[in-house]
Structure formats: C-alpha cells, structure tokens
Amino acid sequence: SEFDTLEEYKKDIRKKLEEENARRAESETENSIIEAVSASSEVDIPKVMIDSQIDSMVQDLNYRLMYQGMKIEDYLKYTKTTMEKLKESYREQAEKAVKTRLVIEEIIKKENIAATKEEKDQKISDMAKKSNKSVEEFTKEAGERETAYIENEIIMDKLFKLLKDNAVIE
C-alpha cells in the first residue's frame with residue numbers, strides 16, 4: 001500500500017469521496033441551470049433534427065443491446081413494441097436534447113465564447129502531466145478528435161461560468 005497507516009488510508013478515502021461529491025454537486029448545478037435556461041427559451045426545432053436525435057438514441061440502444069448479446073429485433077419482441085413505438089417513446093427526450101443543444105450553441109455564439117490558444121495549451125499541459133507524458137508526446141498521441149474535445153471542454157467551462165455568474169438560483 002502507498003499508505004503507512006490506516007488513518008492515512010481513511011483520510012485519502014474521505015478526500016476522494018469529498019472530491020467526488022463536489023464534482024457531482026457541480027454537475028447537478030450545471031444541469032439545473034441548463035435545464036432552466038432551455039425551458040425558458042423558445043426555439044423552433046426542425047423535425048429533421050428531432051428525427052436525427054431519435055435515430056441516434058435508437059442506435060445507442062442497439063449498441064448497448066449488441067454489447068449484451070441481443071438484437072434490437074429481439075428486444076422489440078420481448079417488450080412487445082414496434083420500432084415506431086420505440087421511436088415515439090424517445091420523441092420528448094429527443095426534443096429536449098435538441099432544444100438544449102440549440103440553446104447552448106446560440107448562447108456560445110451570442111456571447112462569443114471561444115477557447116484561446118493559451119487556454120488550449122494549458123489544458124493540454126495539464127492533461128499531459130496527469131497522464132505522465134510530455135506535452136509533445138501527449139499532443140502527438142492526441143488526434144483531431146481529442147483536440148476538438150479539449151476545445152469544447154474549455155468552451156463549456158466558460159459557458160457554465162457565464163451562466164452561473166448570471167443565474168438566480170432559488
């Protein structure tokens with residue numbers, strides 16, 4: 001063990017649990033703010049976007065079922081439903097997800113929220129340090145997808161900070 005005493009071990013566990021609880025509370029606050037902003041916004045959502053979101057949700061279910069060794073056709077039989085009914089059951093959730101995404105994109109656009117080169121470099125440096133790699137090594141291994149993810153994470157952090165700073169939480 002990396003700990004010399006049981007007390008040190010208990011302190012480490014307590015610290016990790018407190019950090020996890022803080023992250024969970026932060027996430028719940030962010031979700032509540034986004035839900036409130038989205039609920040109070042009026043958005044015309046193209047049907048094609050909702051249908052696309054539903055298709056993504058069905059595909060996600062299909063992947064999860066395949067992982068468990070089941071086909072979606074069997075799932076539909078076992079649940080005594082049809083693909084049309086399954087898709088319709090996802091409609092409300094899909095509308096909410098698309099609306100939220102559109103609202104977020106509009107706020108980011110209107111507020112000119114972007115990730116600066118310095119912020120991206122700092123984030124990459126932090127991630128490299130956490131993975132015990134040099135910045136060069138981490139950057140080489142990280143592809144475009146990872147770079148886009150890092151940039152999006154910075155933008156979302158700025159968005160949540162903006163929303164929290166301007167939120168009235170009751």
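Student: How do you know how far the coordinates can be trusted?

Tutor: This is a predicted model, in which local features need pLDDT of at least 70 and side-chain atom pairs count only at pLDDT 80 or more, while totals for chains, interfaces and linings use all residues. Residues are numbered from 1 along each chain as its sequence is written, and side-chain values use heavy atoms, with hydrogens and water left out. The average pLDDT (the predictor's confidence in each residue, from 0 to 100) is 91 for the protein, and 97% of the residues score at least 70. Among the helices (DSSP runs of H or I with at least four residues, numbered from the N terminus), α6, residues 135-141, has the lowest confidence with a mean of 85, and α2, residues 47-67, the highest with 96.

Student: What makes Glu88 and Arg91 a salt bridge?

Tutor: The term requires a side-chain nitrogen of Lys or Arg within 4 Å of a carboxyl oxygen of Asp or Glu. For Glu88 and Arg91 the N to O distance is 3.2 Å, so the pair meets the rule. Both residues belong to helix α4 (residues 83-110), where they are three residues apart, about one turn of the helix. The pair is also part of a network of salt bridges that links Lys47, Asp51, Glu88 and Arg91, and by this rule the count comes to 18 salt bridges.

Student: Why is Glu88 called partly exposed?

Tutor: Buried means under 20% relative accessible area and exposed means over 50%, with partly exposed in between (1.4 Å probe, protein chains only). Glu88, at 47% relative accessibility, therefore counts as partly exposed, and Arg91, with a relative accessible area of 22%, is likewise partly exposed.

Student: Which parts of the chain does the pair of Lys158 and Glu119 link?

Tutor: Lys158 forms a salt bridge with Glu119, with the closest N and O atoms 2.9 Å apart. This pair links distant parts of the chain, since Lys158 lies in helix α7 (residues 144-166) and Glu119 in helix α5 (residues 117-130), 39 residues apart. Lys158 is partly exposed at 28%, and Glu119 is partly exposed at 27%.

Student: What makes Lys123 and Glu153 a tie between separate parts of the sequence?

Tutor: Their closest N and O atoms are 2.8 Å apart, in a salt bridge. Lys123 lies in helix α5 and Glu153 in helix α7, so the pair ties together parts that are 30 residues apart in sequence.

Student: Why is α5 called roughly perpendicular to α7?

Tutor: The axes (lines fitted to C-alpha atoms, for helices over the stretch in contact, with angles from 0 to 180 degrees between N-to-C directions) are 10 Å apart, and the angle is about 110°. Angles under 35 degrees count as roughly parallel, over 145 as roughly antiparallel, 65 to 115 as roughly perpendicular and the rest as oblique, so α5 is roughly perpendicular to α7. Residues making the contact (heavy atoms within 4.5 Å) include Glu119, Lys123 and Met127 of α5 and Ile150, Glu153 and Lys158 of α7.

Definitions and conventions. Helices (H or I, at least four residues) and strands (E, at least two) are DSSP runs, numbered from the N terminus.
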